[in-house]
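Here's a quick tour of a few contacts worth a look.

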Amino acid sequence: MKAAQFSQFGGPEVLEFVDLPDPHPGPGQVRIVVHAAGISGTDWKLRQGVLNFGAGLPQTIGRDFVSDRCFAQTIDLLKTRAEPMGIELVIGDLATAQFGDRVFGASDDGAGAAELALLTFRAIIPPSLGFVDAAGLPTALETATRALDQLAVASRSTLFINGASGGIGSTAVQLAVARGARVIGAASAANQNYLSLLGAEPVTYGEGMAERVRALAPGGVDVALDVAGSGVLPQLIDLAGGPQNVATLADFDGSKDHGVRFSNGFADGHAFHSLAEVGELIEAGRFWLPVDKTFPLAAIAEAHRISEHGHVRGRLVLLVG
């Protein structure tokens, strides 16, 4: 199969397309034909070497994807390999989905930017959602849900989100509003109306941000979530009344310096249950994650450049097959 990978850390130019062996599903996995794949901030940080979860080089890339050919590859595999584990896998999976179902999920091995991929955590795409829109959801949904759970965001909570207009921020705003929370979100001046549409009370970044938040919430906020980094953790700690009320998804060094929780799905446990839960909100018109731009798979380097430089509203998506 064709897949994107990098053999050295660096800029988008280190990405290359190679032929790799077709992946074979193990216990609990299915193999699918990738239709579209999302670009996340984690992707370019792994490519740069800013994040490293212990994987060596070369590394494949991509975590979000969708398929319109659920189980096709797994069933084809069984025609030539009648192993008991494989048969049990298909029977178990068919209890919750059927051949041909449209599914979305997160790549088990970070290899979603490819023609074929393996996944364990998946859900049926909600009926009103297209492939492109679904491709940007899995990582953003899991990450935002995990952070909101860790901060115990609930009805009548007041939450401040630093970096509220990107994929994860947009998702966190809407999920928090659906829980009954009041949300104040920081974004650029160009995204203030967009945040209002999502249900947040918008403020702009930059000098005086904390004062602008206090103008809306004079007593401060209950909890704060840092999606964008940018060295604002001391301000968030002050607004939320202590480091125990703050979580960051973007500032690992700052989290250590200030005693703030760094939310990490590899260490904290995942929240992929959100994949199956978001459908009700989508069908009720209470959740929407826009796709800012799409790219053919061959233009993955350009997609990484745009993702890396920020200012994306919603998600970027690769069209694979």
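## Salt bridges

A salt bridge here is a side-chain nitrogen of Lys or Arg within 4 Å of a carboxyl oxygen of Asp or Glu. Keep in mind that this is a predicted model. By that rule, the count comes to eight salt bridges.

Take Glu201 and Arg182, whose side chains meet at 2.6 Å, N to O. Glu201 sits in strand β11 and Arg182 in strand β10, so the pair ties together parts 19 residues apart in sequence. Glu201 is partly exposed at 26% relative accessible area, and Arg182 is partly exposed too, at 30%.

Lys2 and Asp19 make another, with the closest N and O atoms 3.3 Å apart. Lys2 belongs to strand β1 and Asp19 to strand β2, so this bridge links parts 17 residues apart in sequence. Asp253 and Lys256 pair up at 3.9 Å, but both lie in helix α10, three residues apart, or about one turn of the helix.

## A covered strand

In a regular strand, side chains alternate between the two faces of the sheet. Strand β4 (residues 36-39) has both faces covered: Ala36 and Gly38 are buried on one side, Ala37 and Ile39 on the other. β4 pairs with strand β16 in the antiparallel sense over four bridges, and Ala37 stands opposite Leu318 in β16.

## Two crossing helices

The axes of α1 and α13 come within 9 Å and cross at roughly 105 degrees, so the two helices are roughly perpendicular to each other. On the α1 side, the contact uses Gly41, Asp43, Trp44, Arg47 and Gln48; on the α13 side, His304, Ser307 and Glu308. Those contact residues divide into one nonpolar, four polar and three charged.

Terms used. Residues are numbered from 1 along each chain as its sequence is written. This is a predicted model: local features need pLDDT of at least 70, side-chain atom pairs count only at pLDDT 80 or more; totals for chains, interfaces and linings use all residues. Side-chain values use heavy atoms; hydrogens and water are left out. Axes are lines fitted to C-alpha atoms, for helices over the stretch in contact, and angles run from 0 to 180 degrees between N-to-C directions. Angles under 35 degrees count as roughly parallel, over 145 as roughly antiparallel, 65 to 115 as roughly perpendicular and the rest as oblique. Contact means heavy atoms within 4.5 Å. Ala, Val, Leu, Ile, Met, Phe, Trp, Tyr, Cys and Pro count as nonpolar, Asp, Glu, Lys and Arg as charged, and the others, Gly among them, as polar. Buried means under 20% relative accessible area, exposed over 50%, partly exposed in between (1.4 Å probe, protein chains only). Two strands pair if DSSP finds at least two bridges between them.
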